[in-house]
Amino acid sequence: MIGSDSFVSVIIPSFNHIEYIEKSIRSVVEQTYKNIELIVVDDGSKDGSCELLAQLKEELGFTLVMQENVGVCKTLN
């Protein structure tokens with residue numbers, strides 16, 4: 001069980017997930033537990049995800065990392 005002072009970090013990797021990424025991000029942000037850090041790492045998307053992520057970052061205030069495509073293993077590291 002998570003204590004009331006526990007800090008939780010959530011990392012969401014994304015590569016060409018424009019159809020799903022907003023719902024995933026909002027799911028984390030809208031949790032009732034609020035001591036959460038959200039980090040979204042875009043792995044070189046080419047489907048418009050980058051623009052959407054930039055807008056969501058401004059609206060919701062999470063950390064956004066944009067990088068060239070290196071694959072999911074290196075992205076999570």
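Modeller: First, a term: two residues are in contact, or touch, when heavy atoms of theirs lie within 4.5 Å. Also keep in mind that this is a predicted model.

Ser-45 sits in the loop between β2 and α2, and α2 covers 49–60. Is Ser-45 buried or exposed? Ser-45 is buried, because its relative accessible area is 8% and buried means under 20%.

Next, look at the polar contacts of Ser-45. The side chain of Ser-45 meets the side chain of Asp-42 in a polar contact of 2.6 Å. The Ser-45 side chain also reaches a backbone atom: the nitrogen of Asn-16, at 2.7 Å.

Cys-73 counts as exposed because its relative accessibility is 59%, and exposed means over 50%. How many disulfides are there in the whole structure? A search finds zero.

Move on to His-17. His-17 lies in the loop between β1 (8–14) and α1. His-17 counts as partly exposed, because its relative accessibility is 33%, between the 20% and 50% limits. The side chain of His-17 reaches the backbone nitrogen of Phe-15 at 3.3 Å. With neighbours within four places set aside, His-17 is in contact with Asp-47 and Ser-49. Gly-48 lies 31 residues from His-17 in sequence, yet their C-alpha atoms are 8.9 Å apart.

Another loop to check holds Val-70. That loop runs between β3 (63–67) and α3 (72–76). Val-70 is partly exposed, with a relative accessible area of 41%. Val-70 touches Asp-43 and Thr-75, again leaving out residues up to four places away. The C-alpha atoms of Val-70 and Gly-44 are separated by 8.0 Å, although 26 residues apart along the chain.

Step back to the whole chain. It has three helices and three strands. Their order along the sequence is β-α-β-α-β-α. Take the contacts between residues at least 6 apart in sequence: 74% of them join residues at least 24 apart. The C-alpha atoms fill a box of roughly 40 × 25 × 15 Å along the principal axes.

Finish with the largest pocket. It holds about 160 Å³ of space. Which elements supply at least two residues each of its lining? They are α1 (21–29) and β2 (36–43). The largest share, three residues, comes from β2. The lining includes Val-28, Val-29, Tyr-33, Ile-36, Leu-38, Leu-60 and Phe-62. Lys-34 and Glu-37 also line the pocket, as do Gln-31, Gly-61 and Thr-63. By type, seven lining residues are nonpolar, three are polar and two are charged.

Key. Residues are numbered from 1 along each chain as its sequence is written. This is a predicted model: local features need pLDDT of at least 70, side-chain atom pairs count only at pLDDT 80 or more; totals for chains, interfaces and linings use all residues. Side-chain values use heavy atoms; hydrogens and water are left out. On a 1 Å grid over the protein atoms alone, a cavity is a set of points where a 1.4 Å probe fits but cannot get out, and a pocket is an open set with protein on both sides within 12 Å along at least five of seven lines; lining residues have an atom within 4 Å of a point. Grid points are joined across faces, edges and corners, and a volume is the space filled by probe spheres set on the points. Helices (H or I, at least four residues) and strands (E, at least two) are DSSP runs, numbered from the N terminus. Ala, Val, Leu, Ile, Met, Phe, Trp, Tyr, Cys and Pro count as nonpolar, Asp, Glu, Lys and Arg as charged, and the others, Gly among them, as polar. Buried means under 20% relative accessible area, exposed over 50%, partly exposed in between (1.4 Å probe, protein chains only). A polar contact is a pair of N or O atoms within 3.5 Å; within protein, one must be able to donate a hydrogen and the other to accept it, and residues adjacent in sequence count only if both atoms are side-chain atoms. A disulfide is a pair of cysteine sulfur atoms within 2.5 Å.
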